[in-house]
Number of protein chains: 2
Amino acid sequence: MLDICLAGTAGMVPLPDRWLTTLYAASEGSSVLIDCGEGTQIALAEAKCRLKTIDAICLTHFHADHCAGLPGLLLSMGNAGREDPVTIVGPTGLRQVLAGLLVIAGGVGFDVAACEIDPDGSEIKDGYVKAGPMTIRAFRAEHVVPCLGYTISIERRPEFLPEKAEALGIPREYWKVLQSGKPVTVNGTSFVPGAVTGPQRPGIKVLYSTDTRPVKSIAEHGKGADLMILEGNYPDEEKIDKAKEWGHMTYKEAASLAAQAGARELWLTHFSQSVSDPSEYLENAASVFPNTVIGKDGLKKTLVFR
Amino acid sequence: MLDICLAGTAGMVPLPDRWLTTLYAASEGSSVLIDCGEGTQIALAEAKCRLKTIDAICLTHFHADHCAGLPGLLLSMGNAGREDPVTIVGPTGLRQVLAGLLVIAGGVGFDVAACEIDPDGSEIKDGYVKAGPMTIRAFRAEHVVPCLGYTISIERRPEFLPEKAEALGIPREYWKVLQSGKPVTVNGTSFVPGAVTGPQRPGIKVLYSTDTRPVKSIAEHGKGADLMILEGNYPDEEKIDKAKEWGHMTYKEAASLAAQAGARELWLTHFSQSVSDPSEYLENAASVFPNTVIGKDGLKKTLVFR
């Protein structure tokens with residue numbers, strides 16, 4: 001089970017009625033935050049998201065609207081009783097940005113580890129960060145500065161098949177260990193869990209990518225996602241030149257990515273401050289990808305295994 | 001004329017219904033901001049305060065709730081068309097804090113000058129920053145870290161007395177120059193404005209001091225102020241030990257300072273997040289200084305010459 005909350009939906013400038021885009025994902029008492037602009041801690045308080053359980057904070061890039069809220073958030077996490085270390089993930093330059101921002105966040109009271117990822121490097125391929133049952137992987141997006149997208153996934157164990165265990169003559173007292181994913185040795189013979197389980201089952205996958213052109217990597221990493229959360233900075237195709245110039249997407253471009261990925265659902269976010277009602281333009285995306293939802297601050301969903 | 005807006009009134013933590021304490025003062029197309037915590041740019045937008053005209057930003061100290069909003073504010077000022085330089089004033093350490101925070105505010109588009117003041121140094125005595133007709137002076141406050149308070153004042157020229165000018169035989173065509181505060185030379189004889197004016201007249205003075213114990217310097221600098229804006233972090237005297245420990249004031253302590261200074265009015269601000277309705281405790285201050293107003297986000301007043 002994965003609880004998702006899109007606590008903010010603004011792009012570039014925080015508005016009195018729209019927090020900057022940020023995603024909070026929680027599962028089994030652990031949580032992950034993606035992006036942390038100015039006011040994100042207030043957005044999270046408003047959406048009743050717990051600060052204390054945030055194990056990882058992932059930053060797409062270092063424009064202020066995606067990271068200026070970091071000092072305040074970390075201090076408030078400390079006030080909320082956080083003592084365990086927190087991992088901050090971001091593209092190359094992360095350590096320098098943290099050294100700068102945390103000059104005003106002395107006495108946070110817990111360790112902050114920096115996980116710096118080169119968007120063009122090779123380590124991104126196999127690298128991941130864990131937060132409870134969630135696995136966070138980064139991929140390369142394409143903005144005017146180095147930028148990452150992220151997937152949050154929870155794997156599902158294959159079904160345990162008692163008939164297979166019986167056929168192999170494994171006594172019942174060993175079944176629980178096998179079900180937990182560990183191998184057992186019975187009278188000198190070893191059995192791996194795969195010997196007594198059914199086929200692979202899809203887990204839960206959410207993809208988040210803002211401040212990017214519609215590059216192939218987004219559709220690839222979103223393959224079969226339950227939910228893709230993508231920027232729709234410009235609702236209208238008329239603004240395509242601006243989107244290209246500033247490294248953003250139109251609604252239609254984002255919807256095309258969701259369609260290519262075969263995702264189940266698309267949420268749009270990171271709306272330009274010039275757009276007072278982003279939902280007015282829903283059709284621009286829904287005509288390409290019908291199951292599109294126009295994001296609103298505090299939009300929540302609980303995803304479960306299919 | 002001085003327009004004052006207390007755009008936020010929270011202390012330490014920004015809340016969904018209370019912005020962090022910040023003061024906006026505007027006169028003759030120029031404006032000054034004191035303190036800039038997370039969300040201040042949104043608070044200013046909500047209170048309809050113009051960003052483009054901010055000539056000086058004064059920081060009391062470098063706890064995140066007083067300065068974390070700086071990168072976002074500067075970027076939004078740039079978006080609002082600001083091109084003229086902006087002066088940032090703060091205690092010792094300002095340059096280091098700016099270097100850190102501005103790592104995420106590249107391309108602001110105007111010059112940012114740092115005016116670093118040693119709270120214990122001598123230069124504070126005569127130092128000041130100008131913004132339009134406003135003069136901003138810093139004084140030493142007493143917090144758990146180096147901290148400054150500020151006064152914003154507008155001087156009033158003494159009244160021009162035509163009978164004096166006539167008695168001195170100064171022709172009428174020179175009066176306007178003298179009225180504007182400049183000297184004139186008539187047939188080889190120089191006249192200073194003071195020769196044709198009445199006695200000194202009180203100008204407008206506002207004092208702002210948060211995150212401080214009730215030290216003497218506050219009352220001294222508030223002498224005869226039209227308005228003192230002071231923290232009332234703890235409404236109740238019961239919290240006096242906490243106030244001492246954390247370098248804050250109770251309502252009563254703030255009210256005593258306003259009384260000592262002979263101020264005309266006191267606004268309280270910087271309320272602890274544990275206080276849901278700061279106005280409930282008004283009497284704790286009003287019993288000491290009757291003309292006390294409990295601050296609310298967006299509280300405005302226009303001060304004029306008496």
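Author: Here's a quick tour of the sheet, then of how the copies relate. This is a predicted model, where local features need pLDDT of at least 70 and side-chain atom pairs count only at pLDDT 80 or more, while totals for chains, interfaces and linings use all residues. Residues are numbered from 1 along each chain as its sequence is written, with chains lettered from A and ligands numbered from 1 in the order in which they are written.

Reader: OK, in what order do the strands of the chain A sheet run?

Author: Seven strands make an open sheet, ordered β6-β5-β4-β3-β2-β1-β16, with mixed pairing. Strands here are DSSP runs of E, at least two residues, and helices are runs of H or I, at least four, numbered from the N terminus; two strands pair if DSSP finds at least two bridges between them.

Reader: Which strands stand at the edges?

Author: β6 (112-117) and β16 (299-303) of chain A; each has a single partner strand, so one side of each lacks a neighbour in the sheet.

Reader: And how do β2 and β3 of chain A pair?

Author: Antiparallel, over five bridges, between residues 22-27 and 30-34. A:S27 has A:S30 in β3(A) as its bridge partner.

Reader: Switching topic: what rotation superposes chain B on chain A?

Author: One of 179°, with 0.0 Å of shift along its axis and an RMSD of 0.2 Å. The two copies are thus related as by a two-fold rotation axis. The superposition is by least squares on C-alpha atoms of residues with pLDDT of at least 70 in both.

Reader: Which C-alpha of chain B is nearest the axis?

Author: That of B:G100, 1.8 Å from it.
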